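Here is a look at one model, going from a few individual residues out to the whole fold. Have the viewer open as you read.

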Amino acid sequence: MYLVNDLVDRVEDRHHPLKSQRPIAAGTLPPMTAALGAAALGIMGLAVAFWLRPVFGMFSLGFVALLGAYTYLLKHIVIVDVLTISTGFVLRAVAGAVAITVPISQWLLVCTVLLALFLGLSKRRQELALLGPVAPDHRRILAEYSPQLLDQLIAIVSAATLVSYAFYTMEPSTVEKFGTSGLTLTLPFPIYGIFRYLYLVYTRQGVEGPSETLLRDLPLLTCVTLWAAAIVVIIYGPFHP
């Protein structure tokens, strides 16, 4: 689906200082080759998903349909574009739980959708800052956004994300499931992570996306590592009740 999106956006991506270097936009990967590769990967991926579990295959098919609708229609509708992106992350989380047949917390889904919204809105903000007045030449929907609007939306979603994470760690079902109320002690890590990401978005215009930021920024990568280690220690460590 990412190949399909890059195929559809290849003309607009050539106006972007970073995305213009992607193989399809740069012309190093022929469109026909990319299309055939996308079809082969899509068919194989869905086949494996249905083979693992039919319900997992249905979620995978729904994910393909959602991204297809995003590529051709939904990404051109203001607000709906970032909501679609966040829905895609929720589908990933739910599909993962379905694949291994484990229940998933409703609070975890709330945290997922809010964090995805935060990342999507932050990326829109960064694109506006990076591209300036030519931003709509790369992505038409950017003409519908303004820095002021995005700043307000980001503030709302970032606060909601942290509050939801705090409630998730304190929820009785979470405490009962993991046998500890100590997960609340991990709250400083997502606070720092969100603040650090906002710092990068607002001060460094070279940031392209969440994955690149996570892998290239040492403080943010360290924060995620320490957060994961803290969770392991709290749940499985010697001080676990």
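Thr 101 is exposed, with a relative accessible area of 55% (over 50% is exposed, under 20% buried, and anything in between partly exposed, using a 1.4 Å probe and protein chains only). You'll find Thr 101 in the loop between α6 and α7, the latter covering 106-131. Its phi is near 55°, a positive value in a residue other than glycine. Helix labels here are DSSP runs numbered from the N terminus: H or I for helices, with at least four residues, and E for strands, with at least two.

Ile 79 also has a positive phi, about 70°, although it is not a glycine. Ile 79 sits in the loop between α5 (54-72) and α6 (80-99), and at 34% relative accessible area it is partly exposed.

A word on the ground rules: this is a predicted model, so local features need pLDDT of at least 70 and side-chain atom pairs count only at pLDDT 80 or more, while totals for chains, interfaces and linings use all residues. Residues are numbered from 1 along each chain as its sequence is written, and side-chain values use heavy atoms, with hydrogens and water left out.

## The overall fold

How many helices and strands does the chain have? There are 13 helices and 0 strands. The radius of gyration is 20 Å, close to the 18 Å that the globule rule gives for 241 residues, so the chain is as compact as a globular protein of that length. That radius is taken over C-alpha atoms, and the rule is 2.2 Å times the number of residues to the power 0.38. Along its principal axes, the C-alpha trace spans about 60 × 45 × 30 Å.

Buried residues make up 38% of the 241. Take the contacts (heavy atoms within 4.5 Å) between residues at least 6 apart in sequence: 64% of them join residues at least 24 apart.

## Surface and charge

The chain exposes about 13200 Å², and carbon and sulfur atoms supply 73% of that. Areas come from the Shrake-Rupley method with a 1.4 Å probe; for residues, only the protein chains shown count as cover.

On the charge side, there are 16 positive and 14 negative side chains, and the centres of the two sets lie 4 Å apart. Lys and Arg count as positive, Asp and Glu as negative, with His and the chain ends not counted. Each charge is placed at NZ of Lys, CZ of Arg, CG of Asp or CD of Glu.

His 138 lies in helix α8, residues 135-138, and is buried at 5% relative accessible area. Leaving aside neighbours within four places in sequence, His 138 is in contact with several residues, including Glu 12, Asp 13, His 15 and His 16. Its C-alpha is separated by 32 Å from that of Met 44, 94 residues away along the chain.

Asp 6 belongs to helix α1, residues 2-8, and counts as buried at 17% relative accessibility. With neighbours within four places set aside, Asp 6 is in contact with Asp 13, Arg 22 and Ile 24.

## Cysteines

What is the disulfide count? It comes to 0, where a disulfide is a pair of cysteine sulfur atoms within 2.5 Å. The sulfur of Cys 111 is 15 Å from the closest cysteine sulfur, in Cys 223, which is too far for a bond. Cys 111 counts as buried at 10% relative accessibility, and Cys 223 is buried at 7%.
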